[in-house]
Structures are given as C-alpha cells and as structure tokens.
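This report describes how two protein chains meet in a model. The sequence and structure come before the details.

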There are 2 protein chains.
Amino acid sequence: MEYFVPPLETLVDSFASLPGIGRKTARRLAFHVLNSSTEEAQRFADAIVNAKKLVKYCKICQNITDTDVCALCSNEKRNKSVICVTESPKDVISIENTHEYNGLYHVLHGAISPMDDIGPKDLKIVELLERLKDGTVNEVIMATNPTIEGEATAMYIAKLIKPLGVKVTRIANGVPVGGDLEYADQVTLTKAIEGRQEM
Amino acid sequence: MEYFVPPLETLVDSFASLPGIGRKTARRLAFHVLNSSTEEAQRFADAIVNAKKLVKYCKICQNITDTDVCALCSNEKRNKSVICVTESPKDVISIENTHEYNGLYHVLHGAISPMDDIGPKDLKIVELLERLKDGTVNEVIMATNPTIEGEATAMYIAKLIKPLGVKVTRIANGVPVGGDLEYADQVTLTKAIEGRQEM
C-alpha cells in the first residue's frame, strides 16, 4: 500500500527484484519510467522481451549470440587452435576487453558444485570434447574462476582432455596488478611466489 | 561491439539510460534478465508498459493514481480541511511514510524555475485554487522543497491564497534529527535558531 497505485507498485516490485536494486532505487527508477515518453517505455519493454527471445547459445562455443554461430566462432581472423574455457558469457566479455587473446572460447555455463547440485552433466563439457576431436585445437586454456568450484571444474575437464593429446593450461594465480602485497591473502601470495617468473 | 549480440546490447543500453545505473550495472541487470524465465521477463516488460499506460493524475489532487480520484482523496477518514502542497508524488509518499499527517494533498508537478523555463502556468496551481473555493479547506501547508525554487513557489502560491481567507503555513526549516550542528550550514542553523520553540 506504499503508493496506492497498483501498476506503479508492480513496476517498483519488478525493479526491486533485480540484483543490487533496493526498494528506494526501484522507486526512483519506476518514477523515471513514468516520466519518460510512452515510446521510450515501449522501447525498454521491447528490449527486455527481445533480449530474452532472440538471445540463444552459439551451437559451437555455447556463448550467447543471436545467430546460429556467434561472431567470435565465425570470425576468420581468430586463431582456431586455442580454446579458452570460461564459466559464463560475462567472463568472455572480460577477456575480450583485454584485447590480448585471439583464440576461440567455450562457455560451460556454470561450474561443478555438489553443494548446489550442479554436476558435470549440467555443464557444456560434452560439447567441448566434441570440438577437440578433429585435431584443429592444440591448447585448451582453463579460465574458470579461481574458486573451489572453478578449480574443481578445471581439474575435472583437464583429466578428460589430456588423454586426447591436447595441451591443457590454467590461467595464473597471483597478486592483482595495482594491488597491495599487504592486503593479499596467504593463498594468493603463496601462488604468486610459486608461479614466479624470471625477469 | 561490446557483446557482439545486438538484442543484448539494446537491453544494456536501456538499463544504462536509467538514472544512477552505469554500464557495468546495466550489464549485470541485462544478464539477470537473460537468466530469468520468459514469464518473468514478460512480466517485467508488461509492468513497464502498464505503469506508463495506466498511471494518471488524480483529477482532484493531481497525485498519481490509476483511478479517476486517488485513494487519498476518496478516503473518508482523511481530514478534508487541510491540504499539503508538494512538488512531486514522491514527496507525498515521504510524508505519508511519517504516518503523522492525516489531511489531503495537492501535487504541483514541479516548482517555479525561470532558469528551466518553468512558470506558474506549468504547475497545477489553478487546480489548487479551485479546491479552496467551497470553503471546506482552512489551512494549506506549503511543503515544497527548501530550495530557491521551492521557496519561490511557496511564496507565490501563498500570495494567491491569502486573499481567499485561508491560512497558509510553511514546513519548518532547521537541523535534521540525528544530524550534527557542526556540519549544519549557516542558513539552516540561522533558520533553526529563528524557529526555536519553548521546551
């Protein structure tokens, strides 16, 4: 009964259901929509429906796309001999933003997590193994998160891939650039020392 | 070209156009929509369109409502002899949340601001004066913002109402409860001293 106006309350509820949006922010956003033009509101509503309707998984790398094969997989300039395996499409964006990697990707859509009842079968692992069969790929970079789940997933997949004669690598653990040694946790610091490289 | 997926980019753009939502947050919200069910996404889209379509101004107090006369104006338990004048519907919610005020409201939908080319004619002032004609109302509380525009609007309207024999009051200026005198600005502190009350 906060507003006495059901359609507005419904909109506030919708905004408030988004992650990181509290009721006060939701209210501010709802009023912004009310004050925008009907066309703008319609465009926003269409954007939501269309994103949900048109975005699907690339049939090769399982990354999100609105075409059968995504822009990365169909890009002739990418190096087809390396596959970088990530947990989510967001990680692909992060890696792409470095502009340093020119290979292909494979998105698992999750990580093995017995606590959340997510097993290997829930991930796009079969699709990854399928891609290694024709011998084009000679390196798979495991870029799952440096968490217990991410590490377990990386190890599980590495065990499956090694027998196929494909090199499997893991992204480096260490202190973040611009970070402060004083605030680095012990495990990270240990990994940073273990992974030291000659200068 | 951040995502290579136009429908997703459009949705991120839509979220990013909301006040206080940056591109990173917009991306997180867009992915949340992608990961939600089709029904949830549709409900969100409908909420936007419906809020815009169904919410209108109450024909008495000009507050937002989805009926001809709002829930506050049609509530028989409210004190019909006092009208609290605010700049926006959000201010009505704030005052309602105090649970201390039991009168009616009148929403101006703005404040006089020559800089933004907003004059008295752009506000719901005629509608306010109309409500004072039948003699039911004996006090009008000016609760416009304590800004230059809000003060100017309050003074302008007070001048129009006083000749009608209706009492006009202004909400108090002073130090906010829980605030610190040290951080109160000079004008606020001066107003607080001027407005002191016997204990």
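## Interface of chain A and chain B

In this predicted model, 50 residues of chain A are in contact with 49 residues of chain B, contact being heavy atoms within 4.5 Å. Local features need pLDDT of at least 70, side-chain atom pairs count only at pLDDT 80 or more, and totals for chains, interfaces and linings use all residues of the predicted model. Residues are numbered from 1 along each chain as its sequence is written, and side-chain values use heavy atoms, without hydrogens and water.

| Item (chain A and chain B) | Value |
|---|---|
| Buried area | about 4300 Å² |
| Share of buried area from carbon and sulfur atoms | 78% |
| Salt bridges | zero |
| Residue pairs in polar contact (both at pLDDT 80 or more) | six |

Buried area is the accessible area (1.4 Å probe) that two parts lose on being put together, summed over both. A salt bridge is a side-chain nitrogen of Lys or Arg within 4 Å of a carboxyl oxygen of Asp or Glu. A polar contact is a pair of N or O atoms within 3.5 Å; within protein, one must be able to donate a hydrogen and the other to accept it, and residues adjacent in sequence count only if both atoms are side-chain atoms.

## Symmetry

Chain A can be laid on chain B by a turn of 179° and a shift of 0.0 Å along the axis, with an RMSD of 0.1 Å, after least-squares superposition on the C-alpha atoms of residues with pLDDT of at least 70 in both. This is the relation of a two-fold axis. The same surface serves both copies, as 98% of the contact residues of chain A recur in chain B.

Conventions
Chains are lettered from A and ligands numbered from 1 in the order in which they are written.
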